[in-house]
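The following exercises are to be worked with the sequence and the model at hand. Each task is followed by a solution in steps.

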Amino acid sequence: MSSTIPAFPDPDPGQGPVSLTERRKAETRMEIARAAARLFVGQGLRATRAEDIARAAGVAPRTFYRYFATKEEAVAPLYALGAERWVRTVREAPAELSPPEALEHAVRHTLTPGAAVAAPSWEWARTLVRLAESSPALRKVWAEVCHITERGLLQALAARLSEGDDHAAARLASAPRLQFGAAVAAAAVRVAVEHWAARPQGSPGPLETALRNLEALRGFDWHGAEHG
């Protein structure tokens with residue numbers, strides 16, 4: 001995995017507010033991502049250079065390379081926007097919800113345009129997922145973001161099942177059965193998003209497809225995950 005595509009940070013419930021420096025870094029990353037997306041759509045991926053993206057974002061080329069190793073990686077924050085929110089919502093879902101209920105709750109929250117992610121951001125993500133179909137380099141970035149999402153989802157599910165016991169969460173996260181469950185859940189949503197992105201403009205969003213896909217996990221033995 002590229003070192004410039006960030007993994008999900010380790011959750012720390014006691015952590016204070018994000019520092020001003022970190023917030024500015026995140027804003028710069030997103031500005032570069034939006035500039036890259038506009039150029040990829042407007043003039044094509046092949047015709048766009050990293051220097052063009054830096055200029056459009058109002059940063060120096062060296063600043064661009066401080067955040068991203070390649071021009072394709074510049075759109076990773078847009079790919080990851082909804083995924084990060086989904087994983088966070090799974091983790092923060094009401095404690096009384098079972099894992100399948102928490103997954104469905106989080107999907108409803110995340111895949112409803114305007115709820116957790118603004119509708120324009122969803123349209124950017126849709127366009128970029130569609131572009132990845134014709135670009136191996138972009139497809140690799142999308143695949144890496146999906147893999148990071150799966151690992152983040154695994155940690156979120158382990159945290160829920162462990163009920164606050166960090167040692168139990170670590171054991172669960174290393175269990176093949178829970179890894180399988182997280183992989184299936186991540187694939188359920190990824191396939192729904194990719195199917196939606198490939199459809200004509202104005203087609204229904206990915207929510208209903210994602211919920212139907214997640215039905216496959218309703219009978220999964222989540223509480224037996226620690227035993228392999």
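**Exercise 1. Identify the residues that threonine 209 contacts, leaving aside its neighbours within four places in sequence, and decide whether threonine 209 is buried or exposed.**

Solution. The model is a predicted one.
- Step 1: threonine 209 is placed in helix α10.
- Step 2: once neighbours within four places in sequence are set aside, threonine 209 is in contact with Ala192 and His195.
- Step 3: the relative accessible area of threonine 209 is 17%. Buried means under 20%, so threonine 209 is buried.

**Exercise 2. Determine how α6 and α9 are oriented to each other, and which residues meet.**

Solution.
- Step 1: helix α6 (residues 119-132) and α9 have axes 9 Å apart and pack at an angle of about 85°.
- Step 2: angles of 65 to 115 degrees count as roughly perpendicular; α6 and α9 are therefore roughly perpendicular to each other.
- Step 3: from α6, the residues Trp122, Glu123, Arg126, Val129 and Arg130 meet Val193, Glu194, Trp196 and Ala197 of α9.
- Step 4: sorted by class, this contact of α6 with α9 has five nonpolar, no polar and four charged residues.

**Exercise 3. Describe the packing of α4 against α1 and against α7.**

Solution.
- Step 1: helix α1 (residues 20-43) packs with helix α4 (residues 76-92) at an angle of about 110°, the axes being 8 Å apart. This makes α1 roughly perpendicular to α4.
- Step 2: Arg29, Met30, Ala33, Arg34 and Ala37 of α1 meet Pro77, Leu78 and Leu81 of α4. The residues of this contact of α1 with α4 comprise six nonpolar, no polar and two charged.
- Step 3: between α4 and helix α7 (residues 136-162) the angle is about 10°, with the axes 9 Å apart. Angles under 35 degrees count as roughly parallel, and α4 and α7 are therefore roughly parallel to each other.
- Step 4: the residues of α4 that meet α7 include Tyr79, Trp86 and Val90, and those of α7 that meet α4 include Val141, Trp142 and Leu153. By class, the contact of α4 with α7 has 15 nonpolar, three polar and three charged residues.

**Exercise 4. State which residues touch the most other members of the largest nonpolar core, and trace the contacts of valine 107.**

Solution.
- Step 1: the largest nonpolar core has 67 residues, of which Ile32, Tyr79, Leu103, Val107 and Leu153 touch the most other members.
- Step 2: α7 gives the most to this core, with eleven residues.
- Step 3: apart from neighbours within four places in sequence, valine 107 is in contact with Trp86, Thr112, Val189, Leu207, Ala210, Leu211 and Leu214.

**Exercise 5. Classify two of the aromatic pairs by geometry and locate their rings.**

Solution.
- Step 1: the structure holds six aromatic pairs. In one of them, phenylalanine 64 and tyrosine 65 are edge-to-face, at 5.2 Å centre to centre and with 85° between the planes.
- Step 2: phenylalanine 64 is buried, at a relative accessible area of 0%, whereas tyrosine 65 is partly exposed, at 42%.
- Step 3: the ring centres of phenylalanine 180 and phenylalanine 220 lie 6.1 Å apart with the planes at 40°, so this pair is tilted.
- Step 4: phenylalanine 180 belongs to helix α9 (residues 176-198) and phenylalanine 220 to the segment after α10 (207-214), so the pair ties together parts 40 residues apart in sequence. Phenylalanine 220 is buried, with a relative accessible area of 13%.
- Step 5: ring pairs also link Phe64, Tyr65, Tyr67 and Phe68 into a cluster.

How values were computed. Residues are numbered from 1 along each chain as its sequence is written. This is a predicted model: local features need pLDDT of at least 70, side-chain atom pairs count only at pLDDT 80 or more; totals for chains, interfaces and linings use all residues. Side-chain values use heavy atoms; hydrogens and water are left out. Rings of Phe, Tyr and Trp (its six-membered ring) pair if their centres lie within 6.5 Å; planes under 30 degrees apart count as stacked, over 60 as edge-to-face and the rest as tilted. Buried means under 20% relative accessible area, exposed over 50%, partly exposed in between (1.4 Å probe, protein chains only). Helices (H or I, at least four residues) and strands (E, at least two) are DSSP runs, numbered from the N terminus. Axes are lines fitted to C-alpha atoms, for helices over the stretch in contact, and angles run from 0 to 180 degrees between N-to-C directions. Angles under 35 degrees count as roughly parallel, over 145 as roughly antiparallel, 65 to 115 as roughly perpendicular and the rest as oblique. Contact means heavy atoms within 4.5 Å. Ala, Val, Leu, Ile, Met, Phe, Trp, Tyr, Cys and Pro count as nonpolar, Asp, Glu, Lys and Arg as charged, and the others, Gly among them, as polar. A nonpolar core is a set of buried Ala, Val, Leu, Ile, Met, Phe, Trp, Tyr and Cys residues joined through side-chain atoms within 4.5 Å.
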